[in-house]
Amino acid sequence: MDLFFNLVFVVAIAALAVFLHDHLTLGGFLGFALLLVPVCWARMSFAYYADQFYTDDTLFRVVMLVAMLASAALAVNFGGALEGRSGGFVVANVVLRVLLIGLYAWAWRNAPEARPMSARYATGFSVGALNWLSSLLAPEPPRYGLWGLTLLVRGVPRSSDTRRFARCRATSR
């Protein structure tokens, strides 16, 4: 399943490459970076969760399938994300973060030794999801500034406390 998940992100990055190819300007490069960073962080966030918590049950597989669909939705919406049609990109981004919130809530419940880390990550992804969702209230050009601010402020939640936790088993009991 992980290889297929990687393939979905390869398709997303290929779609971004097409965007950059069609916009060979400084603005195009900045737009490319603005769209690339949340895609890469989403992939890294799911990979990091999978590395920290051994989960291979049906619920995890369903969550990963939905994450693949949301990642495909990101790729489909790249073309219009900076051209007045960014709603789909934002919604797909929010769905990915909500899935991560659910995964870390699941880990919090099932891996007591990792509760501080799980709570921190769930909180960080919650703030990020709210920031992305609230950006829909702003008109298109200022919306991109809110995205950049969200990426700078939230990004990936701090991982400094993860060294204290070994790989955990977070499956249903």
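Arg 43 is found in helix α2. The model described here is a predicted one. With a relative accessible area of 14%, Arg 43 is under the 20% limit and is therefore buried. Its side chain is joined to that of Asn 6 by a polar contact of 2.4 Å. Leaving out residues up to four places away in sequence, Arg 43 touches Asp 2, Phe 5, Asn 6 and Phe 9.

**Helices α2 and α3**

Two packed helices are described by the angle between their axes and the distance between the axes. Helix α2 covers residues 26-52 and helix α3 covers residues 58-81. They pack at an angle of about 170 degrees, and their axes are 11 Å apart. An angle over 145 degrees counts as roughly antiparallel, so α2 and α3 are roughly antiparallel to each other. On the α2 side, the contact is made by Leu 35, Val 39, Phe 46, Tyr 49 and Ala 50. On the α3 side, Phe 60, Met 64, Ala 67, Leu 74, Phe 78 and Ala 81 take part. By class, this contact has 11 nonpolar residues, no polar residues and no charged residues.

Side chains of opposite charge can pair when their charged atoms come close. The count of salt bridges in this model comes to one. It is formed by the side chains of Glu 140 and Arg 143, at 2.9 Å from N to O. Both residues lie in helix α6, which runs over residues 140-153. Glu 140 and Arg 143 are three residues apart, about one turn of the helix. Glu 140 has 18% relative accessibility and so counts as buried. Arg 143 also counts as buried, because its relative accessibility is 8%.

Leu 136 is found in the loop between α5 (115-134) and α6. At 30% relative accessibility, Leu 136 counts as partly exposed. Which residues is Leu 136 in contact with, leaving aside its neighbours within four places in sequence? They are Gly 87, Val 90, Val 91 and Arg 143. Leu 136 and Gly 87 are 49 residues apart along the chain, and their C-alpha atoms are separated by 6.9 Å.

**Accessibility of the residues described**

| Residue | Relative accessibility | Class |
|---|---|---|
| Arg 43 | 14% | buried |
| Leu 136 | 30% | partly exposed |
| Glu 140 | 18% | buried |
| Arg 143 | 8% | buried |

Methods:
Residues are numbered from 1 along each chain as its sequence is written. This is a predicted model: local features need pLDDT of at least 70, side-chain atom pairs count only at pLDDT 80 or more; totals for chains, interfaces and linings use all residues. Side-chain values use heavy atoms; hydrogens and water are left out. Axes are lines fitted to C-alpha atoms, for helices over the stretch in contact, and angles run from 0 to 180 degrees between N-to-C directions. Helices (H or I, at least four residues) and strands (E, at least two) are DSSP runs, numbered from the N terminus. Angles under 35 degrees count as roughly parallel, over 145 as roughly antiparallel, 65 to 115 as roughly perpendicular and the rest as oblique. Contact means heavy atoms within 4.5 Å. Ala, Val, Leu, Ile, Met, Phe, Trp, Tyr, Cys and Pro count as nonpolar, Asp, Glu, Lys and Arg as charged, and the others, Gly among them, as polar. A salt bridge is a side-chain nitrogen of Lys or Arg within 4 Å of a carboxyl oxygen of Asp or Glu. Buried means under 20% relative accessible area, exposed over 50%, partly exposed in between (1.4 Å probe, protein chains only). A polar contact is a pair of N or O atoms within 3.5 Å; within protein, one must be able to donate a hydrogen and the other to accept it, and residues adjacent in sequence count only if both atoms are side-chain atoms.
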